[in-house]
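I opened the model to look up its charged side chains. These are my entries, in the order I made them.

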Amino acid sequence: MKSPKTLADLLLVLVIVAVFWLVATLSELSEHVAQFSQSYEALQLDELPLTLLVLSLGMAWFGWRRTLEAQQEIAERKRSEQQVQELLQHNSELLQRLFTAEEDERRALARELHDEMGQTSTAIRTEASVLQRSGGLSDEALASAKRISESAQHLSHMTRNMLQRLRPASLDSMGLAQALTHLCDNWQVSSKISCQLTLDELPDSLNDYVSVTMYRIVQEALTNVSRHAQASKVSVRLKQTPQQWELVIQDDGRGMADPQAVQTGFGLLGMQERVASLAGTMRIENSVGKGLALWIHIPKEAK
């Protein structure tokens, strides 16, 4: 189907030809041209009109051939773009499978740690408590039993922290908003860095993989801030538009002096891979001495 612009151009050509024909008819242009060309018979000017006609036909054929070639190139480019899109989709699916398998392994490991380490720590503390309450033990033995109880309690605390990093219970039981709130609160206490969290209302039907991906990105970003940024505060904002999710993580730290590290360092590559698995984009804004900002956009139709 021809576009309106093509039809307008065609109509313009027809109008010009009709006007020229009318002017030529009224002025008997051909007769004048023939009379003029007879004066220069030696130059064979009378053969020029037919020559120009043949040239016009040749140029029309040449333009038609180039048009066919252009159409073939456009069709080939569209096929190539389609193949690229299919490859990107395939890579996105592979990344999702990879990260899903990783999360499944984390969940299984967290379950085993909870069952085994939790029970073992409780048993050790119970036995140490029995020893402390029993009579006839030397002060050295009582002190040892106390240290055993404290070590078991420390082990239990470490296990809880590992479980939180492996698979936060709040992410499964209460959703992404509550999980991010707990993450920021706990990180703020452990790192002594202010964490300001701003969330739009999140739907209950939010895709599990999207939730896990956003949580892991925030978790990795906060870990990077505590280890490298030398920041005093960090802000985490998650908002939505009709088309996409926008996640912004910004700190007031030292930034990155090495331009190469901005693209590949401090776990940023892993975050970019997670974003790519959802056909999203991640932009990094680095200001040396002023901090780092991550702008992440994930389309809502991402699965």
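I looked up Glu69 and found it in a salt bridge with Arg66, with 2.7 Å between the closest N and O atoms. This is a predicted model, and I read the contact as such. Glu69 and Arg66 are 3 residues apart in helix H3, so about one helical turn separates them. I noted Glu69 as partly exposed at 34% relative accessible area, and Arg66 as partly exposed at 32%.

I then went to Arg79, whose side chain meets that of Glu76 in a salt bridge of 2.4 Å, N to O. Arg79 and Glu76 are also in helix H3, 3 residues apart, therefore about one helical turn from each other. Arg79 has 46% relative accessibility and counts as partly exposed; Glu76, at 41%, is partly exposed too.

Next I checked Arg283, which forms a salt bridge with Glu285 at 2.9 Å between the closest N and O atoms. I have Arg283 down as partly exposed at 40% relative accessible area and Glu285 as partly exposed at 34%. My search of the whole structure gave 4 salt bridges.

Which residues form a negative surface patch? I listed Glu105, Glu112, Asp115 and Glu116. Of these I followed up Asp115, which is found in helix H3, residues 48-133. Asp115 counts as partly exposed because its relative accessibility is 33%.

Last, I looked up Arg216 in helix H7, residues 208-229.

Conventions: Residues numbered from 1 in each chain as written. Predicted model: local features only at pLDDT ≥ 70, side-chain atom pairs only at ≥ 80, totals over all residues. Heavy atoms only, no water. Patch = residues over 30% accessible without salt bridge, like charges linked within 9 Å, V, L, I, M, F, W, Y side chains within 5 Å. Areas by Shrake-Rupley, 256 points an atom, 1.4 Å probe, with all protein chains shown as cover. Lys, Arg positive; Asp, Glu negative; His and termini not counted. Charge placed at Lys NZ, Arg CZ, Asp CG, Glu CD. Helix = DSSP H or I, 4+ residues; strand = E, 2+ residues; numbered from the N terminus. Buried < 20%, exposed > 50% of the residue type's maximum accessible area, 1.4 Å probe, protein only.
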